[in-house]
Amino acid sequence: MAGDDLILAGSCGLGCEAGGFWVDPSSPVPLAVITHAHADHATAGCGRYVATPGTAALLRSRLGGEIEVEELAFGAVRSFGSVGVSLHPAGHVLGSAQVRVEPARGPVWCVSGDYKTEPGPTAEAFEPVPCDVFVTESTFGLPVFRWPEQGGVAGSMLSWWRANAASERTSALLAYSLGKAQRVMASLAGAGELPGVIGVHGAVEKLCRVYEGAGVSLPDYVHASKATADSIKGTGLVVAPPAQAGTPWLRGFAGDGGMGTAQVSGWATIRGRRRWQALDTGFVLSDHADWPGLLHAIEMTGAQRVGVTHGYTRPFSRYLREERGLDSFMLATRWGDEDAE
């Protein structure tokens, strides 16, 4: 990268000196522009945050209501230093945004954060941002990652739940508390009649309330606890974070037929059985772009320079250079992958 580039990788992540801010800093900074509220992109302790209203609500829920957050609506332009900044839908989770940075003169940059090009029921639809330099994630930046049609995945999850319910076997879907859990719940409701009660872990419930406050429609659910266990056991479904796999808390909802557990993740494509041996199955549903989605997103921006960050950075950047003829470079940050939460 050139030393005079508008956005550079530094000690705290991606910084814009001309604007005096960092994008998704990995440690506290005075001014942070946040793409979305996942923990690996939203560091606690920053002096001030700039985010969309949806992300701002999630940040207050996760980091505390006392934080200082400036809300910036999608498409609105705010001047910081000598640059103009605007936020544009990324399709990843509620409020997720791409950060467009335009200087008084010179190339326009866009930092995508995490994004998903396929529309879903719980996040604003991805919008391509025309720019000269596009910074893309590469969490699933290998050709093996190609998502099945999400309606079919929702139907498969519902069929699995129904089969379990018919045997008085409680179902449990393990999904990240922010974004994935809400998408799973909405997708199930859209796939057909549910065979039982949905019980959600406390971490999931807290964020469901934020989603509902933002106008996202979710099916009825109860807080999964000892008080509601009898209504869940047998025919119900528990939605919980992956860390709850195999815990006494989760086993407490097993019905007479036991419990069926499944992971919901893009990683189920290649390593579900190897990583979670105790689970029954996996469903491929990701809030990130797959290989075709990444390539299509880059193409839609019209960018001739592409920075590649967290994920399969080296092979993806090399592919863009050698096969697509783009000026591609790698940006080292501490951003995690879909497992980070």
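How many aromatic pairs does a search of the whole structure find? The count comes to 14. Keep in mind that this is a predicted model. Below is a quick tour, from the overall build of the chain down to a few side chains worth looking up in the viewer.

**The chain as a whole**

- If you trace the fold from end to end, you'll pass nine helices and 19 strands.
- The radius of gyration is 20 Å, close to the 20 Å the globule rule gives for 341 residues, so the chain is as compact as a globular protein of that length.
- Along its principal axes, the C-alpha trace spans about 65 × 45 × 30 Å.
- Of the 341 residues, 56% count as buried.
- Look at the contacts with a separation of 6 or more: residues 24 or more positions apart account for 60% of them.
- The chain exposes about 13200 Å², and carbon and sulfur atoms supply 50% of that.

**Nonpolar cores**

- In soluble globular proteins, nonpolar side chains tend to be buried together.
- Here, the largest nonpolar core has 45 residues, and Met-157 and Leu-173 are those with the most contacts inside it.
- Another core, of 23 residues, lies apart from the largest one, and Leu-6, Leu-14, Val-23 and Val-50 are among its members.

**Aromatic rings**

- A pair of aromatic rings is described by the distance of the centres and the angle of the planes.
- Phe-21 and Phe-80 make an edge-to-face pair, with 6.0 Å from centre to centre and 65 degrees between the planes.
- Phe-21 belongs to strand 3 (residues 21–23) and Phe-80 to strand 7 (residues 77–80), so their pairing ties together parts that are 59 residues apart in sequence.
- Tyr-115 and Phe-134 form a tilted pair, 6.1 Å centre to centre and with 55 degrees between the planes.
- Tyr-115 is in the loop between strand 10 (109–111) and strand 11 (133–138), while Phe-134 is in strand 11, so this pair ties together parts that are 19 residues apart in sequence.
- Tyr-115 is buried, at 0% relative accessible area, and Phe-134 is buried with a value of 0%.
- For a group of rings, find Phe-140, Phe-145, Trp-147, Trp-267 and Tyr-312, which form one aromatic cluster.

**A closer look at Glu-102**

- You'll find Glu-102 in strand 9 (residues 97–103).
- With a relative accessible area of 36%, Glu-102 is partly exposed.
- Leaving aside neighbours within four places in sequence, Glu-102 is in contact with Ser-82, Val-83, Gly-84 and Val-108.
- Glu-102 and Cys-131 are 29 residues apart in sequence, and their C-alpha atoms are 9.0 Å apart in space.

Conventions. Residues are numbered from 1 along each chain as its sequence is written. This is a predicted model: local features need pLDDT of at least 70, side-chain atom pairs count only at pLDDT 80 or more; totals for chains, interfaces and linings use all residues. Side-chain values use heavy atoms; hydrogens and water are left out. Rings of Phe, Tyr and Trp (its six-membered ring) pair if their centres lie within 6.5 Å; planes under 30 degrees apart count as stacked, over 60 as edge-to-face and the rest as tilted. Helices (H or I, at least four residues) and strands (E, at least two) are DSSP runs, numbered from the N terminus. Buried means under 20% relative accessible area, exposed over 50%, partly exposed in between (1.4 Å probe, protein chains only). The radius of gyration is taken over C-alpha atoms; the globule rule is 2.2 Å times the number of residues to the power 0.38. Contact means heavy atoms within 4.5 Å. Accessible areas come from the Shrake-Rupley method with a 1.4 Å probe; for residues, only the protein chains shown count as cover. A nonpolar core is a set of buried Ala, Val, Leu, Ile, Met, Phe, Trp, Tyr and Cys residues joined through side-chain atoms within 4.5 Å.
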